[in-house]
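Please keep the structure open while reading.

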Amino acid sequence: MAFSELNQQNHHYFQYLLTIGIVAMEGRGFEYPIDSLPSKNGVIYVSNKSRNEGVRGVRISMLNLKSEYFGEFGLFGDQDGLLTSPSGIAEDQNGNVLVLDEALNRLTIYSQDGTYIDKWEPSTASGHSLNGPSSLTVDPNGDVVVSDTGNHRIVRFNKDGKLISSFGGEGTSPGKFKYPWGITTDNLNNLYVSDWGNNRIQLFSSDGTYLRSYEGTIHNNYHLNHPSSVEIDPTGNLIIADWGNESIKIVSADDMLIQELRGEATLSVWAQEFMDSNLEEYDARKTANLESPAIEGNSLNRHTLSAHVEKYFWGPTSVKLDSNSCLYVTDSNRHRIQIYKWMSKESF
(Lines give C-alpha, C1' and ligand atoms only; values in the text may rest on other atoms or scores of the structure.)
Protein backbone atom coordinates (compact mmCIF):
# COMPACT_ATOMS: atom_id res chain seq x y z
CA MET A 1 0.00 0.00 0.00
CA ALA A 2 1.41 3.42 -0.97
CA PHE A 3 2.30 5.99 1.66
CA SER A 4 -0.35 8.43 0.38
CA GLU A 5 -3.05 5.78 0.79
CA LEU A 6 -1.90 5.02 4.31
CA ASN A 7 -1.95 8.69 5.19
CA GLN A 8 -5.47 9.15 3.82
CA GLN A 9 -6.79 6.41 6.09
CA ASN A 10 -5.55 8.16 9.21
CA HIS A 11 -7.79 10.74 10.84
CA HIS A 12 -4.90 12.85 12.14
CA TYR A 13 -1.41 13.74 11.08
CA PHE A 14 1.31 16.28 11.84
CA GLN A 15 1.83 19.57 10.03
CA TYR A 16 4.95 21.73 10.37
CA LEU A 17 4.51 24.76 12.64
CA LEU A 18 7.82 26.48 13.42
CA THR A 19 11.48 26.12 14.39
CA ILE A 20 13.21 27.28 17.57
CA GLY A 21 16.97 27.53 17.98
CA ILE A 22 20.35 28.70 16.79
CA VAL A 23 23.81 27.37 17.54
CA ALA A 24 25.31 29.04 20.63
CA MET A 25 27.74 27.68 23.21
CA GLU A 26 26.21 29.84 25.91
CA GLY A 27 23.17 32.02 26.41
CA ARG A 28 20.28 32.07 23.96
CA GLY A 29 20.61 29.11 21.63
CA PHE A 30 21.56 25.42 21.71
CA GLU A 31 24.74 23.38 21.42
CA TYR A 32 23.97 19.82 20.31
CA PRO A 33 20.65 19.56 22.14
CA ILE A 34 19.82 15.95 23.00
CA ASP A 35 16.33 16.14 24.54
CA SER A 36 13.57 18.64 25.24
CA LEU A 37 10.77 18.96 27.76
CA PRO A 38 7.65 21.00 26.94
CA SER A 39 6.50 21.34 30.55
CA LYS A 40 3.04 21.90 31.96
CA ASN A 41 3.96 25.47 32.98
CA GLY A 42 4.65 26.46 29.36
CA VAL A 43 8.43 26.53 29.70
CA ILE A 44 10.45 24.39 27.30
CA TYR A 45 13.56 22.91 28.89
CA VAL A 46 16.32 21.75 26.54
CA SER A 47 19.31 19.64 27.56
CA ASN A 48 22.47 20.65 25.68
CA LYS A 49 25.13 17.96 25.50
CA SER A 50 27.64 20.16 23.68
CA ARG A 51 30.47 18.53 21.73
CA ASN A 52 32.81 16.01 23.33
CA GLU A 53 31.52 17.00 26.77
CA GLY A 54 32.61 20.58 26.11
CA VAL A 55 32.83 22.87 29.12
CA ARG A 56 31.00 25.87 27.68
CA GLY A 57 28.06 24.34 25.84
CA VAL A 58 26.68 22.07 28.56
CA ARG A 59 23.51 23.49 30.13
CA ILE A 60 19.74 23.30 30.40
CA SER A 61 18.10 26.11 28.42
CA MET A 62 14.71 27.62 29.31
CA LEU A 63 12.42 29.22 26.73
CA ASN A 64 8.87 29.10 25.41
CA LEU A 65 7.02 28.49 22.17
CA LYS A 66 7.30 32.20 21.31
CA SER A 67 11.11 31.88 21.42
CA GLU A 68 11.28 33.99 24.58
CA TYR A 69 14.47 33.00 26.41
CA PHE A 70 14.45 32.72 30.22
CA GLY A 71 17.99 31.66 31.05
CA GLU A 72 19.89 28.47 31.80
CA PHE A 73 21.01 26.21 34.63
CA GLY A 74 22.93 22.97 35.14
CA LEU A 75 26.23 24.21 33.74
CA PHE A 76 29.34 22.06 33.33
CA GLY A 77 30.81 20.38 36.40
CA ASP A 78 30.49 17.39 38.71
CA GLN A 79 29.33 19.15 41.87
CA ASP A 80 25.72 18.98 43.01
CA GLY A 81 23.45 20.83 40.58
CA LEU A 82 26.02 20.75 37.75
CA LEU A 83 26.10 18.50 34.70
CA THR A 84 28.83 16.92 32.60
CA SER A 85 26.87 15.17 29.85
CA PRO A 86 23.12 15.83 30.20
CA SER A 87 20.85 13.43 28.36
CA GLY A 88 17.17 12.71 29.06
CA ILE A 89 14.92 15.29 30.69
CA ALA A 90 11.43 14.88 32.16
CA GLU A 91 8.93 16.44 34.57
CA ASP A 92 7.69 14.76 37.74
CA GLN A 93 4.20 15.05 39.21
CA ASN A 94 5.25 18.09 41.28
CA GLY A 95 6.49 19.99 38.24
CA ASN A 96 10.15 19.46 39.10
CA VAL A 97 12.63 18.97 36.26
CA LEU A 98 14.54 15.68 36.22
CA VAL A 99 17.78 15.49 34.23
CA LEU A 100 19.93 12.44 33.59
CA ASP A 101 23.70 12.71 33.25
CA GLU A 102 25.18 9.86 31.23
CA ALA A 103 28.74 10.65 32.28
CA LEU A 104 28.11 11.14 36.02
CA ASN A 105 25.56 8.28 36.03
CA ARG A 106 23.03 10.12 38.12
CA LEU A 107 19.70 11.90 38.05
CA THR A 108 19.49 15.51 39.22
CA ILE A 109 16.26 17.18 40.36
CA TYR A 110 15.65 20.90 39.85
CA SER A 111 12.74 23.21 40.59
CA GLN A 112 10.93 24.88 37.69
CA ASP A 113 13.29 27.86 37.86
CA GLY A 114 16.39 25.63 37.79
CA THR A 115 17.21 25.63 41.50
CA TYR A 116 18.99 22.45 42.56
CA ILE A 117 16.89 20.20 44.83
CA ASP A 118 18.44 16.75 45.02
CA LYS A 119 20.21 13.97 43.15
CA TRP A 120 19.81 10.20 42.81
CA GLU A 121 23.09 8.38 42.42
CA PRO A 122 22.64 4.61 42.89
CA SER A 123 25.82 3.22 44.40
CA THR A 124 28.05 0.63 42.79
CA ALA A 125 28.06 -1.25 46.08
CA SER A 126 24.31 -1.83 45.82
CA GLY A 127 24.72 -3.49 42.44
CA HIS A 128 22.25 -1.05 40.90
CA SER A 129 24.51 1.74 39.63
CA LEU A 130 23.61 3.35 36.32
CA ASN A 131 25.84 3.17 33.26
CA GLY A 132 25.29 5.88 30.69
CA PRO A 133 21.57 6.52 31.31
CA SER A 134 20.06 8.19 28.27
CA SER A 135 16.32 8.70 28.74
CA LEU A 136 13.60 8.71 31.37
CA THR A 137 9.85 9.03 31.75
CA VAL A 138 7.52 9.51 34.70
CA ASP A 139 4.63 7.06 34.64
CA PRO A 140 1.04 7.77 35.79
CA ASN A 141 1.90 6.46 39.28
CA GLY A 142 4.79 8.89 39.68
CA ASP A 143 7.47 6.23 39.25
CA VAL A 144 10.57 7.27 37.32
CA VAL A 145 11.58 4.82 34.60
CA VAL A 146 15.13 5.10 33.26
CA SER A 147 16.84 3.71 30.17
CA ASP A 148 20.07 2.38 31.70
CA THR A 149 21.73 2.28 28.31
CA GLY A 150 25.19 0.94 29.09
CA ASN A 151 23.70 -1.84 31.20
CA HIS A 152 21.18 -2.72 28.47
CA ARG A 153 18.25 -2.61 30.85
CA ILE A 154 15.31 -0.56 32.11
CA VAL A 155 15.17 0.44 35.78
CA ARG A 156 12.22 1.78 37.75
CA PHE A 157 12.45 4.03 40.81
CA ASN A 158 9.69 5.30 43.06
CA LYS A 159 9.20 9.04 43.48
CA ASP A 160 11.71 9.08 46.35
CA GLY A 161 14.46 7.48 44.30
CA LYS A 162 14.21 3.97 45.71
CA LEU A 163 14.84 1.22 43.18
CA ILE A 164 11.69 -0.83 42.56
CA SER A 165 12.64 -3.14 39.72
CA SER A 166 14.70 -3.66 36.59
CA PHE A 167 14.44 -5.84 33.52
CA GLY A 168 16.16 -6.54 30.23
CA GLY A 169 19.79 -7.40 29.70
CA GLU A 170 21.92 -7.46 26.57
CA GLY A 171 20.64 -9.52 23.67
CA THR A 172 18.52 -9.66 20.55
CA SER A 173 15.61 -11.85 21.67
CA PRO A 174 12.27 -10.31 22.72
CA GLY A 175 12.63 -8.49 26.03
CA LYS A 176 16.39 -8.02 25.64
CA PHE A 177 18.12 -4.81 24.57
CA LYS A 178 21.15 -3.44 22.84
CA TYR A 179 21.68 0.10 24.08
CA PRO A 180 18.07 1.11 24.84
CA TRP A 181 17.49 4.85 24.43
CA GLY A 182 14.19 6.75 24.42
CA ILE A 183 11.25 5.53 26.51
CA THR A 184 7.67 6.60 27.18
CA THR A 185 4.45 5.29 28.70
CA ASP A 186 0.89 5.29 27.41
CA ASN A 187 -2.35 5.93 29.33
CA LEU A 188 -2.50 2.25 30.33
CA ASN A 189 0.98 2.53 31.87
CA ASN A 190 2.50 0.30 29.20
CA LEU A 191 6.14 1.09 28.47
CA TYR A 192 7.61 1.67 25.00
CA VAL A 193 11.39 1.37 24.62
CA SER A 194 13.53 2.50 21.68
CA ASP A 195 15.84 -0.49 21.35
CA TRP A 196 18.51 1.48 19.49
CA GLY A 197 20.98 -1.28 18.73
CA ASN A 198 18.31 -3.78 17.68
CA ASN A 199 16.48 -1.39 15.33
CA ARG A 200 13.08 -1.78 16.98
CA ILE A 201 10.59 -0.43 19.47
CA GLN A 202 9.62 -2.88 22.21
CA LEU A 203 6.37 -2.70 24.17
CA PHE A 204 6.08 -3.93 27.77
CA SER A 205 3.41 -3.96 30.45
CA SER A 206 4.04 -1.89 33.57
CA ASP A 207 5.64 -4.88 35.33
CA GLY A 208 8.14 -5.43 32.51
CA THR A 209 6.35 -8.26 30.72
CA TYR A 210 7.18 -8.26 27.01
CA LEU A 211 4.14 -7.66 24.78
CA ARG A 212 5.33 -7.03 21.23
CA SER A 213 7.83 -5.27 18.96
CA TYR A 214 7.62 -2.71 16.17
CA GLU A 215 10.43 -3.33 13.70
CA GLY A 216 9.10 -2.50 10.26
CA THR A 217 9.10 -4.70 7.18
CA ILE A 218 8.27 -4.44 3.50
CA HIS A 219 4.74 -5.51 4.43
CA ASN A 220 4.11 -2.57 6.75
CA ASN A 221 5.95 -0.05 4.58
CA TYR A 222 8.76 1.05 6.85
CA HIS A 223 11.96 -0.02 8.52
CA LEU A 224 13.84 1.42 11.47
CA ASN A 225 17.51 2.28 11.70
CA HIS A 226 18.64 2.88 15.29
CA PRO A 227 15.51 4.57 16.68
CA SER A 228 16.38 7.00 19.45
CA SER A 229 13.02 8.07 20.87
CA VAL A 230 9.34 7.19 20.94
CA GLU A 231 6.16 9.00 21.94
CA ILE A 232 2.47 8.05 21.81
CA ASP A 233 -0.08 10.38 20.22
CA PRO A 234 -3.64 10.82 21.59
CA THR A 235 -5.01 8.04 19.35
CA GLY A 236 -2.36 5.48 20.32
CA ASN A 237 -0.09 5.84 17.30
CA LEU A 238 3.67 5.62 17.84
CA ILE A 239 5.82 8.64 16.99
CA ILE A 240 9.34 7.34 16.41
CA ALA A 241 12.57 9.30 16.02
CA ASP A 242 14.22 7.12 13.38
CA TRP A 243 17.68 8.48 14.08
CA GLY A 244 19.60 6.44 11.51
CA ASN A 245 17.10 7.25 8.76
CA GLU A 246 17.03 10.98 9.64
CA SER A 247 13.25 11.02 9.91
CA ILE A 248 10.22 10.81 12.17
CA LYS A 249 7.83 7.95 11.53
CA ILE A 250 4.20 7.79 12.68
CA VAL A 251 3.22 4.14 13.04
CA SER A 252 -0.21 2.80 13.99
CA ALA A 253 -0.71 0.57 17.03
CA ASP A 254 -1.15 -2.35 14.64
CA ASP A 255 2.24 -1.58 13.06
CA MET A 256 1.53 0.19 9.77
CA LEU A 257 3.21 3.36 8.58
CA ILE A 258 0.88 6.37 8.64
CA GLN A 259 3.19 9.31 7.99
CA GLU A 260 6.89 10.04 7.66
CA LEU A 261 8.35 13.47 8.42
CA ARG A 262 11.66 14.36 6.81
CA GLY A 263 11.99 17.89 8.21
CA GLU A 264 10.64 21.25 7.06
CA ALA A 265 12.61 23.73 9.16
CA THR A 266 12.48 27.44 8.46
CA LEU A 267 14.57 30.18 10.03
CA SER A 268 13.83 30.52 13.71
CA VAL A 269 13.13 33.87 15.35
CA TRP A 270 16.65 33.81 16.81
CA ALA A 271 18.25 32.95 13.47
CA GLN A 272 16.26 35.66 11.69
CA GLU A 273 17.41 38.24 14.23
CA PHE A 274 21.00 37.14 13.65
CA MET A 275 20.59 37.50 9.89
CA ASP A 276 19.00 40.93 10.23
CA SER A 277 22.08 42.14 12.10
CA ASN A 278 24.57 40.39 9.78
CA LEU A 279 23.43 41.48 6.35
CA GLU A 280 26.42 40.16 4.41
CA GLU A 281 25.72 36.66 5.66
CA TYR A 282 22.02 37.14 4.96
CA ASP A 283 22.74 38.21 1.37
CA ALA A 284 24.96 35.18 0.87
CA ARG A 285 22.26 32.95 2.27
CA LYS A 286 19.69 34.30 -0.19
CA THR A 287 21.78 33.11 -3.13
CA ALA A 288 22.76 29.74 -1.61
CA ASN A 289 21.20 26.48 -2.75
CA LEU A 290 19.73 25.14 0.49
CA GLU A 291 17.31 22.69 -1.12
CA SER A 292 19.21 20.46 -3.57
CA PRO A 293 22.98 20.98 -3.43
CA ALA A 294 25.28 19.19 -5.83
CA ILE A 295 26.75 16.13 -4.14
CA GLU A 296 29.57 14.28 -5.86
CA GLY A 297 29.72 10.53 -6.25
CA ASN A 298 27.21 8.05 -4.90
CA SER A 299 26.63 9.76 -1.57
CA LEU A 300 22.92 10.38 -1.85
CA ASN A 301 22.13 8.57 1.38
CA ARG A 302 19.88 10.18 3.95
CA HIS A 303 22.70 11.23 6.28
CA THR A 304 24.53 13.02 3.47
CA LEU A 305 21.35 14.70 2.27
CA SER A 306 20.52 15.85 5.79
CA ALA A 307 23.98 17.34 6.14
CA HIS A 308 23.43 19.40 2.97
CA VAL A 309 19.70 20.24 2.93
CA GLU A 310 19.02 22.71 5.70
CA LYS A 311 15.34 21.99 6.30
CA TYR A 312 15.84 18.24 6.84
CA PHE A 313 16.31 16.58 10.20
CA TRP A 314 19.96 15.85 10.90
CA GLY A 315 20.35 13.62 13.93
CA PRO A 316 16.80 13.69 15.38
CA THR A 317 17.33 12.42 18.91
CA SER A 318 14.04 13.05 20.72
CA VAL A 319 10.30 13.40 20.16
CA LYS A 320 7.97 14.88 22.77
CA LEU A 321 4.32 15.98 22.82
CA ASP A 322 3.00 18.90 24.83
CA SER A 323 -0.49 19.21 26.34
CA ASN A 324 -1.80 20.65 23.04
CA SER A 325 -0.39 17.71 21.05
CA CYS A 326 2.34 19.79 19.47
CA LEU A 327 5.28 17.58 18.54
CA TYR A 328 8.79 18.74 19.49
CA VAL A 329 11.59 17.13 17.49
CA THR A 330 15.05 17.73 18.94
CA ASP A 331 17.15 18.17 15.79
CA SER A 332 20.54 17.75 17.40
CA ASN A 333 23.08 18.34 14.64
CA ARG A 334 21.22 21.47 13.52
CA HIS A 335 21.03 22.87 17.08
CA ARG A 336 17.30 23.43 16.88
CA ILE A 337 13.83 22.07 17.65
CA GLN A 338 11.32 21.56 14.87
CA ILE A 339 7.71 21.77 16.05
CA TYR A 340 4.67 20.19 14.39
CA LYS A 341 0.97 20.47 15.15
CA TRP A 342 -1.25 17.39 15.46
CA MET A 343 -4.07 18.07 13.02
CA SER A 344 -7.27 16.39 11.90
CA LYS A 345 -7.86 15.87 8.18
CA GLU A 346 -10.94 18.04 8.47
CA SER A 347 -8.69 21.02 9.28
CA PHE A 348 -7.48 21.18 5.67
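Which residue forms a salt bridge with Lys249, and how far apart are the closest N and O atoms? The partner is Asp242, and the separation is 2.6 Å. The model is a predicted one, and the distances given here are computed from it.

Is Lys249 buried or exposed? Its relative accessibility is 4%, under the 20% limit, so Lys249 counts as buried. For Asp242 the value is 0%, and therefore this residue is buried as well.

In total, the model has 20 salt bridges. Another of them joins Arg200 to Asp195, with 2.8 Å between the closest N and O atoms. Here too both partners, Arg200 and Asp195, are buried.

The salt bridge between the side chains of Glu273 and Arg28 has an N to O distance of 2.8 Å. This pair connects distant parts of the chain, since its members are 245 residues apart: Glu273 sits in helix 2, and Arg28 sits in the loop between strand 1 (12-20) and strand 2. Glu273 has a relative accessibility of 40%, so it is partly exposed. Arg28, at 34%, falls in that range too and is therefore partly exposed.

The next stop is a histidine in a loop. His152 lies between strand 11 (144-148) and strand 12 (153-157). Although this is a loop position, His152 has a relative accessible area of 6% and so counts as buried. What does His152 touch beyond its neighbours within four places in sequence? Its contacts are Gly168, Gly169 and Glu170, together with Phe177, Lys178, Tyr179 and Pro180. With Tyr179 there is also a polar approach: a polar atom of the His152 side chain lies 3.1 Å from the backbone nitrogen of Tyr179.

Rolling a probe the size of a water molecule over the atoms shows where empty space is left. The largest pocket holds about 970 Å³ of space. Its lining is made up of 45 residues, and those nearest the centre are Thr137, Val138, Thr184, Glu231 and Leu321. Which strands each supply at least two residues of this lining? They are strand 2 (33-38), strand 6 (86-91), strand 10 (135-138), strand 14 (180-185), strand 18 (229-232) and strand 22 (316-321). Sorted by class, the lining of the largest pocket consists of 17 nonpolar, 18 polar and ten charged residues.

The second largest pocket has a volume of about 400 Å³. It is lined by 20 residues, with Ile22, Leu267, Ala271, Glu310 and Arg334 nearest its centre. Two or more lining residues come from each of helix 2 (269-276) and helix 3 (279-287). Helix 2 gives the largest share, three residues; this is the helix that holds Glu273, the partner of Arg28. In the lining of the second largest pocket, eight residues are nonpolar, six are polar and six are charged.

Definitions and conventions. Residues numbered from 1 in each chain as written. Predicted model: local features only at pLDDT ≥ 70, side-chain atom pairs only at ≥ 80, totals over all residues. Heavy atoms only, no water. Helix = DSSP H or I, 4+ residues; strand = E, 2+ residues; numbered from the N terminus. Buried < 20%, exposed > 50% of the residue type's maximum accessible area, 1.4 Å probe, protein only. Polar contact = N/O pair within 3.5 Å; in protein donor to acceptor, adjacent residues only side chain to side chain. Contact = heavy atoms within 4.5 Å. 1 Å grid on protein atoms, 1.4 Å probe; cavity = no way out; pocket = protein on both sides within 12 Å on 5 of 7 lines; lining within 4 Å. Points joined across faces, edges and corners; volume = space filled by probe spheres on them. Nonpolar A, V, L, I, M, F, W, Y, C, P; charged D, E, K, R; others polar. Salt bridge = Lys/Arg side-chain N within 4 Å of Asp/Glu carboxyl O.
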